[in-house]
Amino acid sequence: MGIEETVYHIEFVNSRETSSVALSELVAGVTDFLAHFGGAYLLGKTFYNIVGDGDGNTKFKRLLQTAGYKNDAKGFFAEITEKLARSTSTNPVPMIVNNVVLPNLLVLSVLEKIIPGNRYISARNVSQYEKLANESIPENERDALQKVMDTYPVRLSLHTLRQMRISKNITYQYAPFLEELDTVGQTNTWIGQFHQGLLEQMYQNRVIFLLNMSCPVYCRFCFRKHKESRNQTNPTQADVKKAVKHIDQSPSVKEIVLTGGDPFLNKKNMMCPIDGLKEVPHVQTLRLATRSISYYPHLFYDNDAFWLNYLKIKNMELQQAGKRLEVATHFIHPDEISLDSLALISELVKNGIAVYVQTPFLEGCNDEGPELTRLFSLLRGAGAELHYIYIPCSPIHGNSVYWSPISKGLEVSRYLRAHLSDRIIPRICTATPIGKIDWHSSGWAVERDGADEHFIWIRTPYTPEYFKAFAERMDQFDNVRVNSEGTLDARFMAQIGDERLFIGSRKAGPTKTAVTDHEALKDLQTIALKDQRIGCAIVSKPSNKLSRAHETRVEIEATAGDEELEYIRRDDRITDVVFSSKQDAMESLYQIEALIRRIGNIHHVNAVRLRSLKFNYHPEIYTRGVIDLLGSLNRLTVANPMRLEIETQFLHSNEIRPAHEKLVRSLNNKGITVYSNTPLLATVNDTADKIHSLAFGLRQIGIEFHQIYVAGWPLQEAWSAKHPVDLQDVIDIATRVRRDGSGREIPRYVVLTELGDVDFGLTSKILTDNGQMRLTLLPYTRDYYKSMDPEFEWPERVTTDHDGHPVLPISGLINTADFFMT
Ligand code: SF4
């Protein structure tokens, strides 16, 4: 029988739903998929070694042969369709054919033919849910599950339903389950004092607009499944206009988050405030929040890609008005990644719209580390920025299965620091009832609540004065208290997991002068420009033109060649290549261009970063020709992306000039991100005021504030020896930036050492030992370094703690109080 004549009639084992699909359609689909997406980057090295290079037909032939179906596409698809017919959402059948594990993305492309369509569906009863998910709910569970569905409705997109058939990690997020009836937890995790109509103002400088109360899919861990949230009526156009007017009269508000539910489900309510806010002079950024990018991407492609095109047009209009548009989305597990999602992110970023990702931390789903590493790495390749991981997910009724102790989230931060590109490390954040904190910089666990062991007290950066301007009822609430340093502690429902994380309160310190030593700043600028290399080599250097700065990152000279490229090619953990030479990357662009084109063939590298301090000090070297060339080297594609970024350094807000804004915009509109690494330098920029101004200024012109180096940066070496940075100032800086800035302005606070980067407080411990400060690097052990360099031995001055983590002396720091973030 020829290919065209074979049709599979699939009957799903539980639902008894049927579907018919022609073999020719499946062959064409898989051949096309392999032709365009069949590389190692998306599908993994093992599978790539099977299909190899070549056109789609050649790859498919190799796949058939290894799967035991040489020249027998009919038999191959008979096995796959039979497996898919048996696959249920709670028990997905492993898609393994003759020991060949078929990647999820490939199977999804097959499922799109068998279960086509892109709509979303509400399941009102158990039988309907069984049909959708190919489930068979046992008789003795049906009543209870119906009760769950009556309490917390089920809504799913066909996109998620396909993903659920092959991944438990997707089912876990969206399928109803009996434990949802547990009454433990809260109805709301916020106090409610910030709510006014469609407006919610939790921070002075930014406001949330709740424009639509429902979502295309209901996530089981989210408060939105609760009736009182879900059944709120949507605001009217008049309400929306009133809210825009309110913003017009609130000059302190700089950013608006347009959210819901999913605001993109409500065209009128979404379009009206975008047009209205465009005209408000003090508004700088509109942040549009939608999870549809992950679970319902077709929303953006429907109606001739209405929303996608709308966003591009509005971004241009907002740019003309000196404002920016950003899209915020959620991803939780790598099994959610789809070609549509990646394409959507890339398309937005290529058009100058930043996309940033937030991730709730879910027990039993993304709480180990490797899954988040894979997820974030793929999102980074597509062009996304990482914003937060929320630990734990909100402690509301019916979602206790998802709760993790705080300690688990902090442990994962160590794993990520060791195995993920520094550019996509998330801030580890908890949303307390009075606002967010970042663990071990702007907030920490103070103590367990004396009255109820299910609650802990968390130090926040917020003060009573902070709220006075917009939420005067703050002092009426019993889940906040003023602590000994004058900020507020918030009472929060969570398990700590490790009693040592309770570190008490700190005392208020003296207010530091904000006067800048301009002479010193000038000298330091000159020194920085003399040699732009960082020179961090955590293991022995394979050549004098390449140093390994991290498992995922190498720094190479513009004069690197075959030897260095071969080193990169051999280690598929390397995702980032930083061009770091004595002179500015823009001055070696001819050589760098040639190297980037060669690195483009190394599938595991998904980002090249060009260190360019002249971006700050001599932006005029970025001519039209340079910008065009950089744009041509930036490859934001789904199959094998290689993102280009500019790494620069701003030391002080007075360095920011209008020319930078124009330049960033030109680069952003080519999908190129610019980020700043900033070393803390006493008398120059080490106060809360100065860093807050710098963070605000960078955000205003579109530069990502990547990392603040607390110690260890080359520029700090000589300066900080004479003018050390006070650890208490770092806490004050983090407190101020979190409290008074946008969440998108917050840098990572990092210490650079000869053994790599660690996060201040979060993935390191600083202690004083006989007057010498010593730093423990929690992400790393000797095995970590040996995996990159079998000959590795600890440097002489390094000792280890009882868990084998390196401990080394650190200079350039002092501590003027007896409070340590450990
Ligand atoms: S999409 Fe967002 S708001 Fe909607 S249910 Fe999921 S987590 Fe909640």
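Ala, Val, Leu, Ile, Met, Phe, Trp, Tyr, Cys and Pro count as nonpolar, Asp, Glu, Lys and Arg as charged, and the others, Gly among them, as polar. By that division, the shell around the ligand in this predicted model holds five nonpolar, no polar and two charged residues. The chain is divided into domain 1 (3–114), domain 2 (440–508) and domain 3 (518–814). A search of the whole structure gives 62 salt bridges. The points below take up the ligand, the domains, some of the salt bridges and a few backbone features.

**Ligand surroundings**

- The residues surrounding the ligand are Cys215, Val217, Cys219, Cys222, Arg224, Arg291 and Tyr295.
- One of these residues, Cys222, sits in the loop between strand E9 (206–212) and helix H11 (227–230).
- Cys222 counts as partly exposed because its relative accessibility is 21%, and the buried class ends under 20%.
- Cys222 and Pro360 are 138 residues apart along the chain, and 9.6 Å separate their C-alpha atoms.

**Domain 2 and domain 3**

- The centres of domain 2 and domain 3, taken over C-alpha atoms, are 33 Å apart.
- In the contact, domain 2 takes part with 10 residues and domain 3 with 12 residues.
- The size of an interface is often given as the accessible area lost when the parts come together.
- For domain 2 and domain 3, about 960 Å² is buried between them, with 54% of it on carbon and sulfur atoms.
- Of the area that domain 2 buries against domain 3, His440, Ser441 and Arg506 supply 51%, more than any other three residues.
- One salt bridge is found across the interface of domain 2 and domain 3.

- Arg506 and Asp732 meet through their side chains in a salt bridge of 2.3 Å, N to O.
- This pair links distant parts of the chain, 226 residues apart: Arg506 is in the loop between strand E20 (488–493) and helix H20 (518–530), and Asp732 is in helix H28 (residues 727–740).
- Arg506 is buried, with a relative accessible area of 5%, whereas Asp732 is partly exposed at 29%.
- The side chains of Arg423 and Glu385 form a salt bridge of 3.1 Å, N to O.
- A salt bridge of 2.8 Å, N to O, joins the side chains of Arg609 and Asp422.
- Arg609 is in strand E24 (residues 607–611) and Asp422 in the loop between H18 and E15, so this pair ties together parts that are 187 residues apart in sequence.
- Arg609 is buried, with a relative accessible area of 2%, and Asp422 is buried at 3%.

**Backbone features**

- Most residues other than glycine have a negative phi, and most peptide bonds are trans.
- Gly260 and Gly261 are joined by a cis peptide bond, with omega about 25°.
- Gly261 belongs to the loop between strand E10 (255–260) and helix H13 (267–278).
- Another cis peptide bond runs from Ile391 to Pro392, with omega near -25°.
- Pro392 is in the loop between E14 and H18.
- Asn134 is a residue other than glycine with a positive phi, near 55°.
- Asn134 is located in the loop between helix H7 (126–133) and helix H8 (139–151), and is buried, with a relative accessible area of 0%.
- Asn770 is not a glycine either, and its phi is positive at about 55°.
- Asn770 is in the loop between E31 and strand E32 (772–777), and counts as exposed at 81% relative accessibility.

**Strand E31**

- Asp769 is placed in strand E31 (residues 764–769) and is partly exposed, with a relative accessible area of 40%.
- From Asp769 to Ala243 the C-alpha to C-alpha distance is 56 Å, and the two are 526 residues apart in sequence.

Conventions. Residues are numbered from 1 along each chain as its sequence is written. This is a predicted model: local features need pLDDT of at least 70, side-chain atom pairs count only at pLDDT 80 or more; totals for chains, interfaces and linings use all residues. Side-chain values use heavy atoms; hydrogens and water are left out. A salt bridge is a side-chain nitrogen of Lys or Arg within 4 Å of a carboxyl oxygen of Asp or Glu. Helices (H or I, at least four residues) and strands (E, at least two) are DSSP runs, numbered from the N terminus. Buried means under 20% relative accessible area, exposed over 50%, partly exposed in between (1.4 Å probe, protein chains only). A residue is near a molecule or strand if one of its heavy atoms lies within 4 Å of it. Domain bounds come from an automatic or database domain assignment. Contact means heavy atoms within 4.5 Å. Buried area is the accessible area (1.4 Å probe) that two parts lose on being put together, summed over both.
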